[in-house]
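This report goes through a two-chain model, from overall properties to single residues. The sequence and structure come before the details.

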Amino acid sequence: MNSLPTPSRPPLRSVLLRSRKHTILGVDPQKLIKYFFGSNASVAIIVLVLIMVFLLREGIDFLPTYQRELQTYRRAGLEFCDIIDQPLQRNQALSSSLRQAVSASLETLSKPARDRRDAAFLLKRQVEDKTARPRESLTQALEKTPPAPEQIEVFRRELAEASAAAAKALEYPAVFSAAEREQLQREFSALTPEVTDLPPLVQKLVADFSAKDREARTKFAALVTAQEEFEEATEPLQEVVDELKAKALETKEKAVEFEVLETNRKRLLEAAATETDPKEKASLTKEAEESVSEAVDLEESIKEITGRTAELREQVEKYAVVIEKAAADLPKDAGTGAARTLVNDVREGIPVHAREMRAAAGKLEGWRWDKPVSIFSVIGAFFFGTQWITNSSWQDFFGFVPLLTGSLVIAAIAILIATPVSVVAAIYTNQFASEREKEMIKPVIEFIQAIPSVVLGFIGISLVGNLIKDVSEWSWLQWVPGFPIQERLNMFNAGCLLAFMAVPTMFSLSEDALNNVPRAYIDASDALGATKLQTVFRVIVPAGISGILSAILLGLGRVVGETMVVLLVAGNRIAIPDFSAGPGVIFHPAHTLTGIIAQELGEVSRGSSHWQALFMVGIVLFAISLLVNWCARAVARRFEPHKA
Amino acid sequence: MSADSTAQSTPPPVVQVRDMDFSYGASKALFDINLKVEYHRVTALIGPSGCGKSTLLRCINRMNDRVPSARVTKGEVLVKGKNIHDADVDLTQLRKQVGMVFQKSNPFPKSIYENVAYGLRIHGEKNKSVLDEAVERSLSHAALWEELKDRLHANALALSGGQQQRLCIARAIATVPDVLLMDEPCSALDPISTLKIEELMHQLAKEFTVVIVTHNMQQAVRVSDYTAFLHLGKLVEFAPTEELFTNPREKLTESYLRGTFS
Ligand SMILES: Nc1ncnc2c1ncn2[C@@H]1O[C@H](COP(=O)(O)OP(=O)(O)OP(=O)(O)O)[C@@H](O)[C@H]1O
Ligand SMILES: [Mg+2]
């Protein structure tokens, strides 16, 4: 071969040139393919970055905006009023407990009499309803001028017949004796439009009830007076607070209006500065000059409020003394057991409330209207704020905690339910199921993912809610905390549905994790004589645990980010769930991070503080998702020795 | 080896394969195998790739059970005189008596200690001191105790390949089996590790009966007392190792040993 003449081989130059022919727009196709794939991957990253930038751009302004709002809240004196008004809210709960206790106590005596009276009223109404037409005719005939006596007579007879028939057809409840029934029937048969007085027996029943009620009120006189004292104690204080609040609100509205006009003026002036056309410029400047309003003298108006500090303190002190006295006057006993517990709760609650009120009054002196609101306190007010109040005529608060707790509790419920179900299903499918079973289980579970979440929400409202409510009323389940439940739409309901939604993700990933456990481990365990169960629980599951944990975390990510179901099913009450209810708290309604965005974003005006607050929530949600996903990956890496 | 002459006084072979046929579904893998494995001897199985060495080895602890449709179609396998396919045989107990070491080392992703203790634990041993004692004994047998006694709770996957394979041996012998099956235990190891394991084999033979599959003829000569040569699913020749290698009776064996095998 070596001896062959060289000319048959092409010259080196032409070899090099030929390779240059295969180019597209001067680029090597190999490189083009590489760029194509590379660019597709980078699109995902770029989109992610864009989302982040967009969220931040809309949301980051929230802090200064909210800072301004809180500043106004302070300067206009709203904060000052809230010092007293916030703890005063507790009064309503106490007072409603007392009212319940009083009515329950009174009922022990007056209930039979009241039932009889109400039953009689009901019966009378029924007769009147049935005889409405002849009565109407008769009334018209009576009003006619000149009167037509024959016609009146006819109608009167018709009405009497109808009344008699109706009175006869009535079902008289057992609270009436036979004689009473007869008398009632007679009286109802004789009802006519002219007689406005109640029939005698009904009158007697009314009188009976009044007597009984009076009797009950004397019997529980201590309780009744204590309750009245308590109710009345609030009035003078509330009056002062309301006056101050009205003043503060007025100031605030003026200040806000001034600010709006002021920004408007600045914008117009800026536009005028850049405008070249002299005509336009003149009109813009003119418009700007018109957009002025009187600046509010905050200091002056705040003086009107703080000037009444002493009076307010005095009122608080009076209020505290009176309610404490009411608490001391509360009798030890009440009509029923439930009422007794209520009274006891109130007796313990009042001193605490009084102490809170006094402490609040103590804070009034130290309050300064011109203390600046630092950005840190704004951040604190958002992240640790316990109130999310919007569209309020008083003051909007954007506190994150109620939403976060709702989301977390729901996610926790969902994960607690979904984890055992999906992991056990994955273990069964991977290790015990026959091929045919596998072919059935996997697609069915994966199909769940295809169910639109709005459909699930629908099921939650129409089916699961009722189911939980019915079950919670079963007498032998009453030991379960929170049973019987009040609300069909609650965190548990949402948690169940989210668990259902998370199962496919968690199942598939767990199953993959188990599948990835090296065959050799199973061989070794089998060869040592392990039973199938031993191999599964001592070797396969521990070896796949990283994958299972990361599956759970990814399921958590899915659950936290889910919107539709929680919006429809979680009950949407924006308040921190009442954890004092113990584990039963899961049956309370709540709102969530995702739900609030979906619900409110469409209704708020673009660029308002509310809008920005929702974007802040979006940012935090985004951060939580990133964190959960990062954890999932970290876990997967951390516990994966057999891949090392 | 000379004990063969007085058949009456010898104990029964620990493993005896009698007229066994084995098939994977429709395809027959082993034909009419007869094999006796003596107590405290090392028996080597050699033969070209695919001749059925692993299959035969796996017949002894019924590891083939896990392959659906694979079964012994004729004959029987006796371990300590008991037919292992009898209905009253407990697979767990059988595998406790017949341990196995695989070609590729496969320690569990657990600590060294837990790896060795695994066999005892699954057989219900909970007593800490018994476990401690068994771990020490097994690791010593596998010539690992000195190296590893200070890091018993380190992850087994952090060990070198040779150490991992010896750990697998320790794990297999922790339950004190009568027979230890080894399927090419050194094929994935470097020469030094191989040497260590070969040395170990002589020690192990003092307490256990070893059946080893190997592709390495020298290894068979070095470690085994008996050698069986398989070809296309048939046991061609079974004899004391020296005899088989120096003076094979069958033509086929001779050509395989010479390497002039077609
Ligand atoms: N699980 C199985 N299913 C079906 N056939 C199998 C299975 N395992 C092995 N076989 C077949 O049985 C025959 C013997 O295989 P075996 O693994 O016992 O050979 P071997 O002698 O161990 O080979 P090597 O030296 O390559 O390990 C081969 O023809 C193989 O194709
Ligand atoms: Mg093999």
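How far apart are the mean positions of the positive and negative charges of chain A? The 71 positive and 80 negative charges of chain A have mean positions 9 Å apart. Lys and Arg count as positive, Asp and Glu as negative, with His and the chain ends not counted; each charge is placed at NZ of Lys, CZ of Arg, CG of Asp or CD of Glu.

## Basis

This is a predicted model, in which local features need pLDDT of at least 70 and side-chain atom pairs count only at pLDDT 80 or more, while totals for chains, interfaces and linings use all residues. Residues are numbered from 1 along each chain as its sequence is written, chains are lettered from A and ligands numbered from 1 in the order in which they are written, and side-chain values use heavy atoms, without hydrogens and water.

## Chain A overall

Chain A has 24 helices and two strands (DSSP runs numbered from the N terminus: helices H or I, at least four residues; strands E, at least two). Its radius of gyration is 38 Å, well over the 26 Å that the globule rule gives for 644 residues, so chain A is more spread out than a compact globule. The radius is taken over C-alpha atoms, and the rule is 2.2 Å times the number of residues to the power 0.38. Along the principal axes, the C-alpha atoms fill a box of roughly 145 × 85 × 65 Å.

Of the 644 residues in chain A, 41% are buried (under 20% relative accessible area; exposed is over 50%, partly exposed in between; 1.4 Å probe, protein chains only).

## Interface

The contact between the chains takes 21 residues from chain A and 22 residues from chain B (contact means heavy atoms within 4.5 Å). Together the two chains bury about 1,700 Å², with 61% of it on carbon and sulfur atoms; this is the accessible area (1.4 Å probe) lost on putting the two parts together, summed over both. A:Ala527, A:Leu528 and A:Arg538 lose the most area on the chain A side, together 37% of what that side buries.

## Single residues

A:Leu70 sits in helix α3 (residues 62-75) and counts as buried at 11% relative accessibility. Leaving aside residues up to four places away in sequence, A:Leu70 touches A:Val373, A:Val378, A:Ala381 and A:Phe397. The peptide bond from A:Phe483 to A:Pro484 is cis, with omega near -10°; A:Pro484 lies in the loop between α18 (453-472) and α19 (491-515).

B:Asp32, in strand β2 (residues 27-37), has a positive phi of about 50° although it is not a glycine.
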